[in-house]
Structure formats: structure tokens, C-alpha cells
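Thank you all for coming.

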Amino acid sequence: MPAPIGLYGHVQANHRRSLLLFAMFAVAFQLMMAVGLALALLLFDPAHTPMFHPGAYVRRYVPWVLLLSIVLFAAQMWWFVGAVRTQTRFRYVDSDEEPRFCRILEPLAIAAGIETPYAGVIETPALNAFAAGTRKHHMVVVATRGLIDSLDDDELAGVLANTVIHIRNRDTRLLAAATIFMPNRKVLHRKPKKVPPLMSPLQVAALVFLPVFLPVILILGFFIAVAYRMAYGSRALIGISRELIADAEAVRLTHNPAALASALRKIDRYHQDGELG
């Protein structure tokens with residue numbers, strides 16, 4: 001495949017890479033479900049265990065796992081902004097409450113050719129901003145109080161242009177999907193709680209059956225590690241590649257690279273001083 005040419009070429013190349021990354025996520029989800037079902041199937045459906053009868057497992061369980069993943073994924077995508085609002089505690093604002101914020105945001109959205117997103121504010125002195133949303137009419141750009149108060153108009157425009165570009169390039173949907181998958185890979189990577197020796201019935205059973213299941217446990221541990229690294233690495237690659245494109249296009253949108261650079265220096269300085277979690 002030839003190297004991408006120009007900014008739009010890199011955007012298209014990122015879309016193609018995103019498809020590959022989501023294929024990796026799908027494989028990781030299947031691996032995690034296979035790990036989660038392995039011991040139960042070994043006890044209750046040994047003819048369809050993924051270790052000893054992978055073909056039978058694929059025919060019987062993979063379609064159901066795929067259907068389950070689609071349903072869970074669709075539900076979480078639909079309510080993603082609500083989940084973000086609950087986690088970050090941002091509140092929606094309008095031009096009456098935040099006239100400066102909305103006055104800068106609206107023309108940037110128009111210039112980028114997208115519907116003006118909702119505006120949200122987090123009451124914290126930290127300096128940060130982000131865009132969130134999975135549906136066209138429910139996109140929101142959120143900024144912290146510290147960011148709004150610390151940046152001048154040009155600097156704030158540069159940061160908000162970055163978030164608007166994320167919406168236009170559909171990065172918010174991509175990153176939402178990636179974020180949704182992260183808790184799934186944590187389920188099987190959770191450390192067990194400490195209990196006194198031989199106080200748990202599962203521990204007693206483990207001592208009895210450990211010699212029999214040791215090879216199975218080792219195999220499952222390997223696939224858990226593979227699924228964990230695939231999901232984590234894919235999420236990091238999505239964030240890095242998209243952020244570079246958004247910064248470049250934000251400069252093109254505002255025609256003021258110095259303002260964006262100045263804003264990023266201020267954000268970095270607060271981060272170094274421990275003001276940004």
C-alpha cells in the first residue's frame with residue numbers, strides 16, 4: 001500500500017488502520033470469552049471445549065458470543081454520553097450561561113462543516129477539554145473551568161478546534177468504541193482477593209484438581225495475557241494516531257498555530273505542577 005500523501009491521505013489511512021484495530025478488538029473479545037467459558041465447558045460440555053475441540057466450540061459458541069458482543073456494544077454505544085457525563089460530572093451549558101465558550105465553539109463547528117455540538121463544562125481548576133458522542137445529534141464538547149478561565153480567545157479556539165475535528169473525523173465514535181472495550185479486557189485481568197490459606201472452598205478444590213488442570217490453566221493464562229495486550233495496545237494506537245491528525249487540522253481550521261502551541265504549553269505546565277489528574 002503506498003504511503004499516504006497529505007493531511008487527508010493520513011486521515012484515510014487512519015480509517016483503514018482503525019478497521020484493523022477493531023478486528024483485533026473482536027478477536028480479543030472472542031479470546032476472553034473462550035477463556036471465561038473454558039472451565040465451565042470442560043465440566044458441563046466437554047465435547048465443545050475450546051482447548052480440545054476448537055472446531056466444535058467455534059460452530060456452537062462463537063456465533064452466540066459474536067451476537068452477545070454486538071448487543072452489549074450497541075447498548076453501551078447508545079448510552080455512552082450519559083456514561084461519560086456520570087463519570088466526569090459535566091453539565092450542559094448554553095450561550096446564556098457560557099457566552100464566551102459558545103461564541104467560540106459555534107463558528108468552529110460551522111467552519112468544519114458539522115452540526116454545532118452541545119457544550120458542557122466541568123467545574124474543576126484542571127485544564128482539559130474533550131469531545132464525546134456516538135450519534136450525530138448528540139455530540140458534546142466539554143471543557144473544564146480551568147481551561148476556559150486560563151486561556152485567551154485564540155488559545156481556547158485552538159483547543160476547541162481540536163475537539164471539533166475529532167467530531168468531524170468521527171474519532172469520538174471510534175474512541176468511544178475503544179473505551180467500551182477496555183473494561184471487557186479487565187474482567188479476566190482482575191487480581192483475586194487475598195483470603196487466609198485453605199479458608200475458601202475453591203482453594204481446597206484447586207489443591208485437589210490442580211495437577212489435572214495445570215496444563216489448561218497455563219494455556220488460559222497465555223490467552224488472557226494475549227487478549228489484554230491486544231486490547232490495551234489497540235486503544236493506545238487509536239488515541240495517538242487520531243490526536244496527531246486532530247492537532248494538524250485544528251491549525252488548518254484556525255490559521256493560528258502559535259495560539260494552539262501556547263495553549264498546549266499552558267496545559268503542559270499545569271500538568272507538570274500536578275494540577276491535572
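What percentage of the 277 residues in the chain is buried? Buried residues make up 39% of them, where buried means under 20% relative accessible area, exposed means over 50% and partly exposed lies in between, with a 1.4 Å probe and protein chains only. Please keep in mind that this is a predicted model, in which local features need pLDDT of at least 70 and side-chain atom pairs count only at pLDDT 80 or more, while totals for chains, interfaces and linings use all residues. Residues are numbered from 1 along each chain as its sequence is written, and side-chain values use heavy atoms, with hydrogens and water left out.

The four strands form an open sheet in the order β1-β2-β4-β3, with mixed pairing, and two strands are said to pair if DSSP finds at least two bridges between them. Because β1 (91-93) and β3 (129-132) each have a single partner strand, they stand at the edges, and one side of each is left without a neighbour in the sheet. Neighbouring strands are turned by 30° against each other on average, direction ignored; the axes behind such angles are lines fitted to C-alpha atoms, for helices over the stretch in contact, and angles run from 0 to 180 degrees between N-to-C directions. Strand β3 pairs with β4 (residues 140-144) in the antiparallel sense over four bridges, and the partner of Ala129 in β4 is Ala143.

Two helices belong to this picture. Helix α4 (residues 99-112) packs on the sheet and touches β1, β2 and β4, its direction making about 140° with that of β2, and contact here means heavy atoms within 4.5 Å. Helix α3 (residues 80-88) lies across β1, β2 (118-122), β3 and β4, running at about 150° to β3.

Finally, the loops. Most residues other than glycine have a negative phi. Arg170, in the loop between α6 (153-168) and α7 (171-187), has a positive phi near 60°, and Arg170 counts as exposed at 54% relative accessibility. His255, in the loop between α8 (201-254) and α9 (257-272), has a positive phi near 55°, and His255 is exposed, with a relative accessible area of 67%.
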